[in-house]
Number of protein chains: 2
Amino acid sequence: MSSSVPNKRIRKSPAARRAEIVAAAAAVALSEGLECITLRRIAEELDVRPGLISHYFPAVEDLVAEAFGEAAGSELDGLLPADRGDATPTQHLARFFARTSGEAYDDISRLWLNARHLSRYRPALRDRVAVQEAAWRNRFEALVRDGVELGEFRTEDPLLAAIQILVVLDGLGMLVNSVDTDDDPPAVRRMPATTAERELGLPAGTLTAAANSN
Amino acid sequence: MSSSVPNKRIRKSPAARRAEIVAAAAAVALSEGLECITLRRIAEELDVRPGLISHYFPAVEDLVAEAFGEAAGSELDGLLPADRGDATPTQHLARFFARTSGEAYDDISRLWLNARHLSRYRPALRDRVAVQEAAWRNRFEALVRDGVELGEFRTEDPLLAAIQILVVLDGLGMLVNSVDTDDDPPAVRRMPATTAERELGLPAGTLTAAANSN
DNA sequence: TTGCCTGTTGGTCGCACACTCAATAGCATT
DNA sequence: AATGCTATTGAGTGTGCGACCAACAGGCAA
């Protein structure tokens with residue numbers, strides 16, 4: 001490996017080092033879980049000494065919260081880009097459900113499940129979860145509102161619709177660590193899209209129809 | 001306290017001691033969380049030495065799984081008794097939603113959230129979660145089927161309806177550790193009942209109408 | 001090239017955890 | 001009252017964690 005011989009120290013600017021630490025922690029959070037964010041684990045990841053992590057994050061809990069925020073935030077951008085480009089709200093939404101149905105979304109489901117549980121014991125994380133939850137809801141609400149204005153969706157309360165859809169998505173996410181997550185009925189796995197179609201006044205199947213263009 | 005002076009040992013039958021240990025662990029799981037089930041914690045609870053817990057559960061993970069099963073199982077019996085008595089399925093269901101709406105249900109929500117996350121790392125727990133999940137689904141399905149036969153409910157697939165309702169309930173349960181769990185719209189908190197009414201062909205409000213008899 | 005600021009190290013402390021096992025002492029049986 | 005089975009203890013092992021801090025050295029400024 002790269003460190004079989006005592007490694008030369010590399011000195012970086014505080015901002016760069018801090019960003020690097022948060023990025024490494026976010027990666028660990030997504031792939032292994034928030035409780036795997038330890039001083040030793042992240043230090044090893046970056047090939048530095050644990051003390052250095054402590055230097056930037058005197059309390060590990062703050063790093064955990066930061067890592068969650070980073071991971072959840074960038075996943076949101078991947079799933080529901082703030083800028084729709086030239087896609088219609090319906091296309092955008094359909095793409096969202098396509099992405100959240102794949103196995104690639106399992107890591108994000110696990111992350112949220114993880115964070116929501118760990119929030120019980122870690123106030124800093126609890127606050128971050130609240131922030132990200134608001135961000136997801138607002139991003140979703142904006143999309144709904146957009147669709148309503150364009151006449152594609154029909155609902156009296158865009159935020160309420162958004163929350164309801166996300167709650168159902170969370171409900172399915174609860175099952176992500178189950179032994180047999182993929183042998184319950186298709187109707188169950190289609191629940192988030194079905195909920196969206198109902199709440200937004202769309203014809204059934206609109207959001208799960210196979211691959212809309214790009 | 002009762003142990004300020006070296007305590008006299010009390011010798012119990014293996015079955016009794018084991019049951020006592022599981023009960024203590026289940027109580028800790030419900031009130032403080034599954035990760036608080038440690039040899040020391042449970043031993044202190046029962047005023048015995050940690051080694052004794054190890055004797056009955058050579059691997060702590062098995063105690064954790066057992067404790068979850070015990071807690072989830074008896075909560076299910078409290079929420080959806082297998083024997084309905086003389087209540088109609090509708091009354092039974094309404095009572096279920098009344099109970100799952102109160103703060104008393106928060107501990108159960110936390111337990112499920114906890115277990116589903118911890119399942120990621122603990123195979124024994126994962127299996128227990130699967131067993132309990134099946135138990136909850138089946139108990140619920142039996143109630144639905146019962147209601148369908150009596151002409152109170154209308155659905156093509158009782159198990160599917162049961163699963164869908166439980167998924168929504170889980171989705172709300174995800175929020176149990178949030179800062180402001182009770183300031184989202186009433187429509188959100190009524191989601192499980194609303195889902196049930198829709199899936200079972202009941203008039204809106206049937207299941208949330210104030211206090212049915214007993 | 002030199003000097004200094006500060007990012008980084010290495011070592012250490014105290015704590016909590018699961019797990020092991022020989023020795024002890026309840027208590028049912030006789 | 002004596003005996004023997006076995007439930008229970010006490011003591012110890014090793015691991016991993018967060019936190020702390022004096023000493024070191026990279027690399028920019030002079």
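Predicted model: local features only at pLDDT ≥ 70, side-chain atom pairs only at ≥ 80, totals over all residues.

Modeller: One thing before we talk about annotations: UniProt positions are given in the numbering used here, feature names are shortened, and annotations may be inferred rather than shown by experiment.
Colleague: Okay, and what does the UniProt annotation cover on chain A?
Modeller: The unreviewed UniProt entry puts "domain: HTH tetR-type" on residues 15-75 of chain A. Over residues 15-75 the chain is 79% helix and 0% strand, with the end C-alpha atoms 22 Å apart.
Colleague: How many helices and strands does chain A have?
Modeller: Chain A has 10 helices and zero strands. Both are DSSP runs, numbered from the N terminus: helices are H or I with at least four residues, strands E with at least two.
Colleague: And what does the C-alpha trace span?
Modeller: About 65 × 35 × 35 Å along the principal axes of chain A.
Colleague: How much of chain A counts as buried?
Modeller: 45% of its 214 residues. Buried means under 20% relative accessible area, exposed over 50%, and partly exposed in between, using a 1.4 Å probe and protein chains only.
Colleague: Let's pick a residue. Is A:Leu125 buried or exposed?
Modeller: A:Leu125 counts as buried because its relative accessibility is 0%. You'll find A:Leu125 in helix H7, residues 123-149.
Colleague: What is it in contact with?
Modeller: Leaving aside neighbours within four places in sequence, the contacts of A:Leu125 include A:Leu34, A:Glu61, A:Val64, A:Ala65 and A:Phe68. Contact means heavy atoms within 4.5 Å.
Colleague: And where is A:Ser31 relative to A:Leu125?
Modeller: The two are 94 residues apart in sequence, and 18 Å apart in space, C-alpha to C-alpha.
Colleague: Switching topic, where is A:Ser109?
Modeller: A:Ser109 sits in helix H6, residues 106-118.
Colleague: Why does A:Ser109 count as buried?
Modeller: Because its relative accessibility is 9%. Leaving aside neighbours within four places in sequence, A:Ser109 is in contact with A:Gly173 and A:Val176.

Notes
Residues numbered from 1 in each chain as written. Chains lettered and ligands numbered in written order. Heavy atoms only, no water.
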